[in-house]
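Look at the sequence and the 3D structure shown below. The paragraphs after them go from the overall fold to single residues.

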Amino acid sequence: MNPMGPTLPELDASRCTGCGECVAICPMACLEALGRIVWLPRPADCVSCGACVEVCGPAALTWQAAPAA
Ligand code: SF4
Ligand code: SF4
């Protein structure tokens, strides 16, 4: 769980290796990969569980503040 509260994962593309582990582990299927580029096409489905941030070896995923609702 994200200790900072309900926020969304943010990708640093310069760190991403395109391994796809974050896409595979997301329980809400809200991450997708376009080639080597990972993105969040369904941010409303993200439950801020932290699985993608934790699984990412090169720390390409970090937390960002959620946009105001
Ligand atoms: S787990 Fe990290 S390195 Fe792998 S595809 Fe996702 S963001 Fe990129
Ligand atoms: S925080 Fe959880 S629900 Fe949100 S994109 Fe990552 S794995 Fe999916």
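**From fold to single residues**

Along the sequence, the protein chain runs through the pattern β-α-β-β-α-β. That gives two helices and four strands. The model is predicted. Of the contacts in the protein chain between residues at least 6 apart in sequence, 62% link residues at least 24 apart.

Next comes the interior. The protein chain has 69 residues, and 14% of them are buried. The largest nonpolar core has nine residues: Cys-22, Cys-26, Leu-31, Val-38, Ala-51, Cys-52, Cys-56, Ala-60 and Leu-61. Take Val-38 from this core. Leaving aside residues up to four places away in sequence, Val-38 touches Leu-11, Cys-16, Cys-22, Val-23, Leu-31 and Ala-33.

Ligand 2 is surrounded by Pro-9, Cys-26, Met-28, Cys-30, Leu-31, Cys-46, Val-47, Ser-48, Cys-49, Gly-50, Ala-51 and Cys-52. Sorted by class, the shell around ligand 2 has ten nonpolar and two polar residues, with no charged residues.

Now to the backbone. Most residues other than glycine have a negative phi. Ser-48 has a positive phi, near 55 degrees. Is Ser-48 buried, exposed or partly exposed? Ser-48 counts as partly exposed because it has 17 C-beta neighbours inside 10 Å.

Ala-59 also has a positive phi, near 55 degrees. Its place is the loop between α2 and β4 (61-64). Ala-59 has 10 C-beta neighbours inside 10 Å, so it counts as exposed.

Is Leu-34 buried or exposed? Leu-34 is exposed, because 9 other C-beta atoms lie within 10 Å, and a residue is exposed with 12 or fewer. Leu-34 and Gly-18 are 16 residues apart along the chain, and their C-alpha atoms are separated by 9.2 Å.

Technical notes. Residues are numbered from 1 along each chain as its sequence is written. Chains are lettered from A and ligands numbered from 1 in the order in which they are written. This is a predicted model: local features need pLDDT of at least 70, side-chain atom pairs count only at pLDDT 80 or more; totals for chains, interfaces and linings use all residues. A nonpolar core is a set of buried Ala, Val, Leu, Ile, Met, Phe, Trp, Tyr and Cys residues joined through C-beta atoms within 7 Å. A residue is buried if 20 or more other C-beta atoms lie within 10 Å of its own, exposed if 12 or fewer, and partly exposed in between; C-beta atoms are placed from the backbone. Two residues are in contact if their C-beta atoms, placed from the backbone, lie within 7 Å. A residue is near a molecule or strand if its C-beta atom, placed from the backbone, lies within 6 Å of it. Ala, Val, Leu, Ile, Met, Phe, Trp, Tyr, Cys and Pro count as nonpolar, Asp, Glu, Lys and Arg as charged, and the others, Gly among them, as polar.
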